[in-house]
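Reader: Please take me through one part of this model, step by step. I want the close contacts first, then the surroundings.

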Amino acid sequence: MNSGDTIGPAQAYLAQAGGGNAVNWRTTQTGKYFGLRFYNENTSAINYGWIQLNTSAASDFPATINQYCYDDTGAAIAAGALPAPTPTPVPTFSACSMALLRMGLAALAGLRRKH
């Protein structure tokens with residue numbers, strides 16, 4: 001598969017243990033994608049994902065996994081798509097915590113004047 005190809009319920013999948021027909025991988029491949037479908041026991045749903053790998057030689061080995069990703073919602077995913085990073089929450093301060101901070105700063109200022 002190429003980057004951007006859809007992996008989801010509309011695609012055909014091999015259901016063979018042990019590899020199935022990997023004839024397209026029995027040549028040098030660099031940065032290509034392997035789509036997958038699997039049952040996720042944590043979400044009790046079929047999930048879709050991809051593995052990006054490089055292969056060499058006629059036997060498709062050695063193979064190197066470069067990266068992988070799957071969508072745990074059961075939705076289709078595009079080959080090469082990565083989830084958006086979760087934004088880091090910005091700390092918020094309540095009026096009470098700000099008042100305590102002011103009191104602490106005032107106490108520190110008082111200590112400095114005495115010395």
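Author: Ile7 is found in strand β1, residues 6-7. Strands here are DSSP runs of E with at least two residues, helices are runs of H or I with at least four, and both are numbered from the N terminus. The model is predicted, so local features need pLDDT of at least 70, side-chain atom pairs count only at pLDDT 80 or more, and totals for chains, interfaces and linings use all residues. Residues are numbered from 1 along each chain as its sequence is written, and side-chain values use heavy atoms, with hydrogens and water left out.

Ile7 has a relative accessible area of 1%, so it is buried. Buried means under 20% relative accessible area, exposed means over 50%, and partly exposed lies in between, with a 1.4 Å probe and protein chains only. What does Ile7 touch, leaving aside its neighbours within four places in sequence? The contacts are Met1, Tyr13, Gly35, Leu36, Tyr48, Gly49, Trp50, Ala76, Ile77 and Ala79. Contact means heavy atoms within 4.5 Å. Ala79 is 72 residues from Ile7 along the chain, yet their C-alpha atoms are separated by 6.8 Å.

Now the sheet. Three strands form an open sheet, ordered β2-β3-β4, with antiparallel pairing. Strands pair if DSSP finds at least two bridges between them. The edge strands, each pairing on one side only, are β2 (29-40) and β4 (63-71). From one strand to the next, the twist averages 20°. Axes for such angles are lines fitted to C-alpha atoms, for helices over the stretch in contact, and angles run from 0 to 180 degrees between N-to-C directions.

Ten bridges join β2 to β3 (residues 45-55). Arg37 has Tyr48 in β3 as its bridge partner. The hairpin of β2 and β3 has four residues between the strands, and there Ser44 takes a positive phi near 55°. Leu53 has Ile65 in β4 as its bridge partner.

Gln52 also sits in strand β3. Its relative accessibility is 13%, so Gln52 counts as buried. The side chain of Gln52 makes a polar contact with the side chain of Tyr33, at 3.3 Å. A polar contact is a pair of N or O atoms within 3.5 Å; within protein, one must be able to donate a hydrogen and the other to accept it, and residues adjacent in sequence count only if both atoms are side-chain atoms.

How many aromatic pairs are there? The count is two. Rings of Phe, Tyr and Trp (its six-membered ring) pair if their centres lie within 6.5 Å; planes under 30 degrees apart count as stacked, over 60 as edge-to-face, and the rest as tilted. Tyr33 and Trp50 are edge-to-face, 5.3 Å centre to centre, with 80° between the planes. Tyr33 lies in β2 and Trp50 in β3, so this pair ties together parts 17 residues apart in sequence. Tyr33 is buried at 8% relative accessible area. Trp50 is buried at 1%.

Phe38 and Tyr70 form an edge-to-face pair, 5.2 Å centre to centre, again with 80° between the planes. Phe38 lies in β2 and Tyr70 in β4, so this pair ties together parts 32 residues apart in sequence. Phe38 counts as partly exposed at 25% relative accessibility. Tyr70 is partly exposed, at 43%.
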